[in-house]
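Please look through the sequence and the structure shown here before reading on.

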Amino acid sequence: MSEAAVTTQTGKAGPSRAGRRGRHGFPGFGAGRPLWSFMVFVAAAAVAVPVVAVAVDGVAGLSGADLPRGLGGMLLTTLGLMLGVGTGTLVVGGGLAWLVTAYRFPLRNVLVWLLVLPLAMPAYILGFIFLSVFDVAGPVQAVLRAVLGAEAGIAQVRSLPGAIIVMTLTLYPYVYLLARNALLEQAPGPYDAARTLGAGRARALWTVLLPLARPSLAAGLALVMMETLTDFATVQYFNVKTVSVGVYLVWKGSFDFQLASQLSVLVLLFAVAVLAGERLMRGRARFHQRGGRGQGLETVRLRGWQGWAATGACLGVLGAGFLLPALQLLWWAAGELATGPVPMRAEQFADYLANSVALATVVALACALVAVVIGHSLRLGGGALVRGAAQLTTFGYAVPGAVIGIGVLLAFAVLDDLLEALGVAGGTGLLVTGSVLGILYSYTVRFLAPAYQAVDASFAKVPPSITRSALSLGAGPARVLARVHLPLVRPGVAVALVLVSIDAVKELPLVLLLRPFGFSTLSVWTYELARENFWEKAALPALVIVSLAVVPVFFLFRQVHLTENRRKGH
Amino acid sequence: MNMGSALGLLTRRTAANDQSTPALVLEGAAKRYGTTPAVDSLDLSAAPGELITMIGPSGCGKSTALRLIAGLERPDAGSVRIAGEVVAGRTRFQPPERRRVGLVFQDHALFPHLTVAQNVAFGLHRSPRSGRRARVSEVLELVRLPHLAGRYPHELSGGEAQRVALARALAPQPAVVLLDEPFSSLDESLRAQVRADTVAVLRETGTTGILVTHDQTEALSVGDRVIVMRNGRMEQVDTPERVFEQPATRFVASFMGDADFLPAHVHNAVLTCEIGAVSTLPGWAGADVDVDVVLRPHEVALAADPASAARVVAVEYHGPFVLHTVRLASGRTVRSWQPHTVRHPVGTAVAVTVAPDTEPTLLAGDTAITSPPATGSRVKRKGTSAAVPQ
Amino acid sequence: MRRRSLLGTTGFLAVVMTAVSGCGVPGVGAESADLQVYTARHYDLEAAFSEFTNQTGITVEFISGGDAELLERLKAEGEDTPADLFMTVDAGNLWNAARQGELAALESETLDKAVPEDLRDPEGSWYGLAMRARTVAYSPDAVAPAEFDAKDTYAGLADPKWEGRLCMRDATSAYTQSLVASLIDLHGRDRALEIVRGWVANDVQIMSNDVLLLEAIDAGQCDAGISNHYYVAREQAEKPDMNVSLHWASQEGAGTHVNISGAGVVEGSDNPEQARQLLEWIASEGQNAFVDASYEFPVNPEAEPEPRIAEFGEFKRMPLNAEAYGDLNAEAIDLLAEAGYE
């Protein structure tokens, strides 16, 4: 044995030396890049500004006004609606995703993507159609009465269950899309393991696939919940008094915008709960998909009546959520074209169409870009602060459009005053409130959430070691983004582009409130007709909106289809 | 398999071959998450061309140490120097892309959307365009994969992917290459070959490497030096021989290879324990202390002896050797390697001795000692309170 | 190759769309007409405005939207607002805009003469320009007009004899709120509550819009309901075989409930003179151009109503109390909730 004592290499002066040298870098930033982290903060601030403006305005004006009667009931109704629509979309969206992924049956290959179509149907249009078809004066009840006698009828169409059904039919595609992607991209290992451990397909589904798909389902559900929260049109048709209805009631009925903004803070609290719930659902588990070897979920052919039953189930949902409403719109539009003067204002139509398409495209690109920058920045490191800021950027989706619109107006009014106080003549010159810029900004604030969710889901599938490899090979953040992250999260970017452009084509309150003179879109045109109860006339622009939204849905399908083919092998 | 031909292709050596400057220096580098220290005050100096293996149980801080070196984590304290340049210190933090550190991951982390050649070329964007193609073929030759340049990662086998990952990391001629359990995703049969090839490449290119592993044999056989980590600290940094033969702590002794511990006593320079006198310790003449002795199975000899109270309780056949587990009279067990021709059936009474010329490691508490403690009275075996006169 | 082309397509699209949005968007910030109107009213404004332009040479452009949203936009824009006129479809909203100081007072003999006193602001901040009546529509097969209480038709619908026979609009409808506000103004809160409770006790069927309501009456699902007069006219025009009649409410009492669509000059207007001119024109020569297409009544007694609504006959209207409509609207909402009216 050697003469010298073997000493351990751990420095004895460790803690004190650490204390003397102090912490390196900024707390909360982690190893993140200041510039990129800063961009996340900018995005978060941009989203927060209008929301905060409204909240501040609301709280500043605490007028001591009575809260609207039945606020408790509104809260309960909101909860009930969210619960119902949440369950509904999970069952319908998740169930259909399972059906088309795990089984083969007649028309399956077409239905796989057709089932996304209800996304293209604005809820405010579907709600109206649903009512006009099923309510007392509509044809369905008329037939029922004719067949079963005068007393026959559907118990109560304008009710919470009615609203839940309609919203489920329009919103389930969010869950369907994300659940199907999750099932497709499932690492086959765990599923095979479950099967070899004696679990049948069903048990493997419940015990392995479903838990693994949980983050995707939660993300889809979060989107559904936020849409449900901010919906005003459908719930009003169905006489469901949610907090959002309360916001409009006190705003428009009691002329109390401040009370309305206080209520919308309440809506925001719901949203925070939803997002927190989504985070909780993800929990501490990590879901980086590793390839692994194995067969994975095998598709089973359904034969005979079972196959047709599956086809029927898909067609039923599709019919109720898209085909029949679209037919009804067609019917109305055809009737209008046949009888009256053509309601199509030909010279403006091209304008409206161009505006709608341009707005949707630019907003979709902007949202996808911001979402990628956020995802990328988080990937570079960045502590809790940056992650919190990233989460904040999704709040815009949970605030009713009109409230965001007002927030944007208020925020820019303040900015305008500031500039004028600083001696800039004319301030912003209302550059923003009366311009397309303001619309673009508010759309981006509102639709960042779906873009972020989609891109984030894609980033989750890129192992961190990929990012680290790229950095260690000397690629700076910008190069990592361009050469590595962007190509790898392309599927998420595609989904983001599609979701946002569909939402943007349908969006109404923001463009209505912020548009400059002479600027109109298809949704505004529809609104103007619908508002005068010219539903038959409104059918034509509504149809155009629906067919516009079908275009991105088709691209989405192509994306999903490519993913599936890639998964199956080359 | 001829690595010699690859050698000739190497026209450039890595820049870390200035023999006077260490390739990598850690000084008091520490990182904590919340209040738990992940690594605590790491000190290390790696000479150019040195290959150091790092081993420890999971959660010991190996990965954090790598991340600190690579620049994926900011140290809370201390500094990191690479090829003489401070890359992390009190006032300076170089991001990973400026560090000249190569990384090879367990999952290879090849970019799935790029071909093998594009993967390898990825790190060469700062070098002149004209030289890139040559460098790519050079490193692909080095790992003997030039014929796969056009393939995509999913078209490679595990071993091929690993070699591509190595080639990609080496292409920009990094000062240090960090290999994070690079072989653990490979089949056993493949692993030895890929490991040998990898080490050969690192040696040939004179690359300084830190290789994290959880395989003791790998740690001992590959490294010029071995770092044994535990609880965020380096328990021992030493040559493989010393780590195995002269472990610094009880943990190192038990983690690096099989070891049994027996209470022992040193008196008049003679080390005795339950199985009798083990060895003499020159220089311990005046000592009279309780210690623990570390016995490796290959140091323990067995002989059938019906008079002995020790009994064989388990026999494991390992091909060339047979591992015997023996329960001593005290109930403690020791293990012994025997040649495959020797087998003492379970239940056999055996005499246990220590092989001649064994210089076993002694532990006072959890720390190894090589000379009698200055104040012998303070060194005692756990649980005993016998004061030892000076 | 595929990948490149997909990325390329996206980039190309981005360029094209930015170009489209840049050129295709008219009037970014710039005002291209003499007058800018923020209007909650949309129907056939274009026709009326272009007639005005033909006669005066003053050009008009407008954006439409909800009353409340446009008012918030006005407030946020402050004195920088491009708007010259603010046009709403409800007296309460006009009153509210005036109360918040967003409308400038006018002095105009023409307007004072053209618009009856109760249909305009005494200060001249706003003027009613078109009038609608909210009255009962019924199925002549199921109801004899004599069944309606001639003194207070609205209150009469609370009579148990109407049980299971009524259709009305939902509580979120501004029409319902304004009607109930006028009932509170007329009878006091307690009596109004009693009336609404009576409707609820009669199992009134709540409809989500007036057209559906009229169709329900036509389909025999209810015998009578409350609707705006112009929906009856419109439905009759579109479906000649529709079997729904209109009855003027409370003709021997306070008169039929009416509300107005009107406008005022915006406080921050940079062209108040021409804005006043436009108001004066709509209230006088422009009355028919403004109201006929939507089957509304002109406010100017000198203008003839559109023939189809003229057929409904002359009627006595309840005097319009804008302050009550505005001030009592919140109370009306509260009352409806208290009564369990949905």
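In this predicted model, helix 16 of chain A passes helix 17 of chain A in a right-handed crossing. To find the two elements, look for residues 401–421, which form helix 16 of chain A, and for residues 436–460, which form helix 17 of chain A; their axes come within 10 Å and cross at roughly 130°. That angle makes helix 16 of chain A oblique to helix 17 of chain A. On the side of helix 16 of chain A, the contact is made by G401(A), I404(A), G405(A), V408(A) and F412(A), and these meet G438(A), Y441(A), S442(A), V445(A) and R446(A) of helix 17 of chain A. Sorted by class, the residues of this contact are five nonpolar, four polar and one charged.

The crossing of helix 5 of chain A with helix 7 of chain A is right-handed. Here A123(A), L126(A), G127(A) and F130(A) in helix 5 of chain A meet V166(A), M167(A), L169(A) and T170(A) in helix 7 of chain A. The residues of this contact divide into six nonpolar and two polar, with no charged residue taking part.

V157(A) is found in the loop between helix 6, residues 139–148, and helix 7 of chain A. Is V157(A) buried or exposed? With 24 C-beta neighbours inside 10 Å, V157(A) counts as buried, since the cut-off for a buried residue is 20 or more. If its neighbours within four places in sequence are left aside, V157(A) is in contact with L131(A), F134(A), D135(A) and G162(A). V157(A) and F130(A), which are 27 residues apart in sequence, are 9.1 Å apart in space from C-alpha to C-alpha.

When contacts in chain A with a separation of 6 or more are considered, residues 24 or more positions apart account for 84% of them.

Which residues touch the most other members of the largest nonpolar core? That core has 414 residues, and those with the most contacts to other members are V363(A), C367(A), A368(A), A451(A) and A496(A). Helix 14 of chain A, residues 346–379, supplies the largest share of this core, namely 17 residues. Leaving aside its neighbours within four places in sequence, A496(A) is in contact with C367(A), A368(A), A371(A), P450(A), A451(A), A454(A) and V455(A).

Buried residues make up 46% of the 390 residues in chain B. Among the contacts in chain B between residues at least 6 apart in sequence, 65% join residues at least 24 apart.

Terms used:
Residues numbered from 1 in each chain as written. Chains lettered and ligands numbered in written order. Predicted model: local features only at pLDDT ≥ 70, side-chain atom pairs only at ≥ 80, totals over all residues. Left-handed = near helix turned anticlockwise from the far one by under 90°. Helix = DSSP H or I, 4+ residues; strand = E, 2+ residues; numbered from the N terminus. Contact = placed C-beta atoms within 7 Å. Nonpolar A, V, L, I, M, F, W, Y, C, P; charged D, E, K, R; others polar. Core = buried A, V, L, I, M, F, W, Y, C linked by C-beta atoms within 7 Å. Buried ≥ 20, exposed ≤ 12 C-beta atoms within 10 Å, placed from the backbone. Axes fitted to C-alpha atoms, helices over the stretch in contact; angles between N-to-C directions. Parallel < 35°, antiparallel > 145°, perpendicular 65-115°, else oblique.
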